[in-house]
Amino acid sequence: MEIESKNKLLLELNNALISKYDPKVFSNTLAEIIKTKVAHYDRFSITILDPEDTCVNYFNSPYGIEIPEIDQNKRNLMQASLSQYVIKNKRPLIIYDLLKYSNWPSVPPMIKKGLKSAISIPLIHREAPLGSMHIYFKNAPSNIDEISNFLVVFSKQLALLIDNIIIHAKDQEKIDFLSKQNIYLQNKEQQMYKMNKFYFTSKKMRDILNFVNKIAILDVPVLITGETGTGKDFLARIIHYDSLRKNGMFVKISCPAIPQNLFESELFGHNKGAFTNATSQKVGQIELANNGTLFFDEIGDMPFTLQSKLLEVLQEKIIHRIGDNRTIRVNFRLISATNSDLEEKIRRNEFRSDLYYRINVFNINIPPLRERIEDIPILVDNISLEYSKIFNCKPPKFTESAIKLLQEYNWPGNIRELESFISKVIVIHSGNKVSSNEIKSLFSNNDKFFEKGNITLKELEKNYLLDILQKNNYNISKSAKILNIPRTTLQYKINKHKIFLPNQN
Ligand SMILES: Nc1ncnc2c1ncn2[C@@H]1O[C@H](COP(=O)(O)OP(=O)(O)OP(=O)(O)O)[C@@H](O)[C@H]1O
């Protein structure tokens, strides 16, 4: 073959194969071009080495003469003698007379089918064997050496193309797995944050839920305020799953939990090498929330410098990853929450007033539990049922006097504290009657909380945290679990209240 026509053929093979990702279509095209333009073979096959290097599989069923004795599925390398030889030696093999190789396990069935000669070429990619290509003839062509030379040159290109197909198939598999997992998790979340799991009977909460019903589908920012544990996060998810964006993601950014120096990259993402420690590319949370809802918890804790950047995103609806000039369009609904007084923060120059007006189109203030004690019975009943199911034990039976006592307590940690208290009751009194006496004895350690004296909310939170930490031997992970808050949030609160941890010294 002339050099020019060789190069032309290599180019033709490349152009015909490069966009074919389906192994069958790829192999059909390849087998056809080889047969018409390179060698009129009687059998053609490609085998792929498995990752353990012990077996080979056919990339696609062999073409031409069928050999029933040769397994179409996985074959141990020992059985696939020609593949084994070229893969192990990383060099081609031309067999002019197969009879001379009849002691190789796979050769006798070939001879039986009338095949007399063969060319086997290893497929090497990045210096590692990927598999092999085989061409068999009933009558050896006179230019068998020339055919082999051409196939050796083509084999490098072929190995690269096949490697791409294998990577593409693996990526598709991963994408398929992740999208199925995503649908499953979204459905599960959706179930969890259904309105009918948000328990209340008070008029105050009914009015709030009626309002939420009206504004959920309006694509405008909402600011939810209220003490810790009142259900701001829960309500934000209800709004999301009741909105037209429910099939997008609900992305929560817990501002106190993010170290200041990582805030910007957390929000906007970064390119590999954009700064020290940026060892890989990262998609930011804002990008993740595209077509969904972005929820900023404790937005008052967002670093001041980033507040103007967020404002810009809200106005321009575009972002740039750190270290990347490309513009990324984003479209999300913003919900923010805070238990701090943002107007006071504005006065102290800690929060931008222009951002405040932007995020506070609708404001929902969730009242503390002590101001809606009518909600306590339904909350106790349902939380007790749900947690007993999780703990795999019988729910306790709360008497009227028990409920009445629970309504007298001031619940500084609100529903989160109520949940944690009920789990304690379940563990100790599962399946039994729980009257005011049992409640009192569980509270006896908590006397300091039980009094409704002139204690500030901040002090109450500190005392409550201290109590939980003390009971758990100052183990932060364990305490955070009981409080049902992330470990980082607890760590933040510990620092905020300057709580001394004896085991950290
Ligand atoms: N009305 C409700 N019905 C059932 N569970 C509720 C209700 N409100 C809150 N909860 C539960 O109480 C716990 C605390 O709620 P959530 O995390 O939404 O509070 P939060 O106000 O966002 O707290 P923080 O300010 O500390 O982040 C969660 O486990 C939540 O599921």
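This is a predicted model: local features need pLDDT of at least 70, side-chain atom pairs count only at pLDDT 80 or more; totals for chains, interfaces and linings use all residues.
**Around the ligand**
- The ligand is surrounded by 19 residues.
- Thr228, Gly231, Lys232, Asp233 and Ile415 are the closest of these.
- Two elements each give two or more residues to this shell: helix 7 (232-241) and helix 15 (414-429).
- Sorted by class, the shell holds 7 nonpolar, 7 polar and 5 charged residues.
- Domain 2 (193-365) and domain 3 (369-504) each supply at least three residues to the shell around the ligand.

**Helix 13 with helix 14**
- Helix 13 (residues 376-391) and helix 14 (residues 400-408) have axes that come within 10 Å and cross at roughly 115°.
- The crossing of these two helices is right-handed.
- On the helix 13 side, Ile376, Pro377 and Val380 take part, and they meet Ile403, Leu406 and Gln407 in helix 14.
- This contact is made up of 5 nonpolar residues and 1 polar residue, with no charged ones.

**Helix 14 with helix 16**
- Helix 14 also packs with helix 16 (residues 436-443), at an angle of about 40° and with the axes 7 Å apart.
- Here Ser401, Ala402, Leu405 and Leu406 from helix 14 meet Ser436, Glu438, Ile439 and Lys440 from helix 16.
- The contact of helix 14 with helix 16 has 4 nonpolar, 2 polar and 2 charged residues.
- Leu406 of helix 14 takes part in the contact with helix 13 and also in the contact with helix 16.

Conventions. Residues are numbered from 1 along each chain as its sequence is written. A residue is near a molecule or strand if its C-beta atom, placed from the backbone, lies within 6 Å of it. Helices (H or I, at least four residues) and strands (E, at least two) are DSSP runs, numbered from the N terminus. Ala, Val, Leu, Ile, Met, Phe, Trp, Tyr, Cys and Pro count as nonpolar, Asp, Glu, Lys and Arg as charged, and the others, Gly among them, as polar. Domain bounds come from an automatic or database domain assignment. Axes are lines fitted to C-alpha atoms, for helices over the stretch in contact, and angles run from 0 to 180 degrees between N-to-C directions. A crossing is left-handed if the near helix is turned anticlockwise from the far one by less than a right angle, and right-handed if clockwise. Two residues are in contact if their C-beta atoms, placed from the backbone, lie within 7 Å.
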